[in-house]
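Hello,

Here is the structure I promised to pass on. My notes follow below it.

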Amino acid sequence: MTGNDEAELSRLMRAAIAGDEKAYADFLRRTAALVRGFIRRKIVQGEVDPEDVVQETLLAIHVKRHTWRQDLAVLPWVYAIARFKLIDAFRRRGRRIEIEIDEIAETFAEPEAETVSERDINRALDGLPPSQRSVVSSVSVEGRSIGETAAKFGISETAVRVSLHRGLATIAKRFGVKQFGRAKQFKRE
Amino acid sequence: MRTDDLIRALDADAHSRAMPLGSAWWVAAGAATGIAAVVFWLAIGPRTDIATAMHTMRFLAKFVFTTALAISAFALIRALSTPGASTSRAAAWMTAAPLLVVFAVVLELLSVPAADWGRRLVGSNMVVCLTFIPLIGVGPLAVFLAVLRYGAPTRPVLAGTVAGLLAGGLAATFYAAHCFDDSPLFVATWYTIAIAILAALGAIGGRLFVRW
């Protein structure tokens, strides 16, 4: 299946870069399932919630997608990011782990579905400035489009896009800094 | 927030565009070279007899060493800042500059009487060398660390070290035009120490600043 995943994901990513929004959503959904399978097999102690690492990886993939070159295979890129974020998650909790590079891709690429629980990302979201937080919540949790969000808050679509972009970038950045238990640890930007 | 919710938000942000990392590295290379050139001209400038020196092998060899280091470090840092990219070939090329220096040192030892080795190794400029290579290189190093932050190096300390070697290779290329000590014995000793200072700074910078 790995060969098919690679061909399909790199096709979707290319289409996404060319401006195909549907392709990008498909890419992210399929990538999430693969990364979830990879992460769950790596976490056996139960101290780290796999889904937190999946979300952190997706955010990193999104804000770092300019690091993917079209002549590179996309799966090694995805798994390298997932592995980095997994190690990071363990490190933040004071644990050290070693992950073999060779083990990725082929062995751990079974797609899996999400389980629901309290998320690190919610705490990161809570730490955003109110305007960014409400826009990110509207588009994500409440499922509104950019246009609907703009109408709801009475601001322009451009302003919605800017707030969304900045909010996501800030959430991605704060994941990497330290384990955040309290929203107070965040500095407003 | 469920992962599907997050995906919806990321998808809505799909239109935001950033400069491809490969292009960012070239912009950085241009900016870093510019910074190094300005600091070089303001601080020391080329040696007065550079027109004559250009005709000597030892003088020219210095540029071969330093540009070999800069080019190989540039290739390696590009790979190190891209997740999943293969680094083995670029890493192998990093041996080029040290091997060239070793080769030149052997030639020097064969062609110069042993009584002269000490004088050539110590030279007349080592304090200047140890001061100005790091001084010329520190601005470029900051630029390279910024690009590493923009990229996604999965080994930040290693990538920071290579950023230091790249800044060192660039700075040493400029400094070599100033320095009167052309013996490979001098270069192998003092240039190496000066570049190692930048590499150490790069490693620290990678540890502290290259987060993503």
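Residues 124-148 of chain B are 92% helix and 0% strand, and their end C-alpha atoms sit 37 Å apart. Helices here are DSSP runs of H or I of at least four residues, strands are E runs of at least two, and both are numbered from the N terminus. Residues 21-44 of chain B are 96% helix and 0% strand, with 33 Å between the end C-alpha atoms.

This is a predicted model: local features need pLDDT of at least 70, side-chain atom pairs count only at pLDDT 80 or more, and totals for chains, interfaces and linings use all residues. Residues are numbered from 1 along each chain as its sequence is written, while chains are lettered from A and ligands numbered from 1 in the order written.

The unreviewed UniProt entry annotates "transmembrane region" at 21-44, 59-80, 92-112, 124-148, 157-177 and 189-210 of chain B. UniProt positions follow the numbering used here, feature names are shortened, and annotations may be inferred rather than shown by experiment.

Now chain A. The domain assignment (automatic or from a database) gives domain 1 (2-103) and domain 2 (120-185). In chain A, 10 residues of domain 1 are in contact with 10 residues of domain 2 (C-beta atoms, placed from the backbone, within 7 Å). On the domain 1 side, α3 (50-63) and α4 (74-92) of chain A each supply at least two residues. α3(A) gives the most, with seven residues.

An unreviewed UniProt entry marks residues 120-170 of chain A as "domain: RNA polymerase sigma factor 70 region 4 type". That span is 76% helix and 0% strand, with end C-alpha atoms 14 Å apart.

Best wishes

How values were computed: Contact = placed C-beta atoms within 7 Å.
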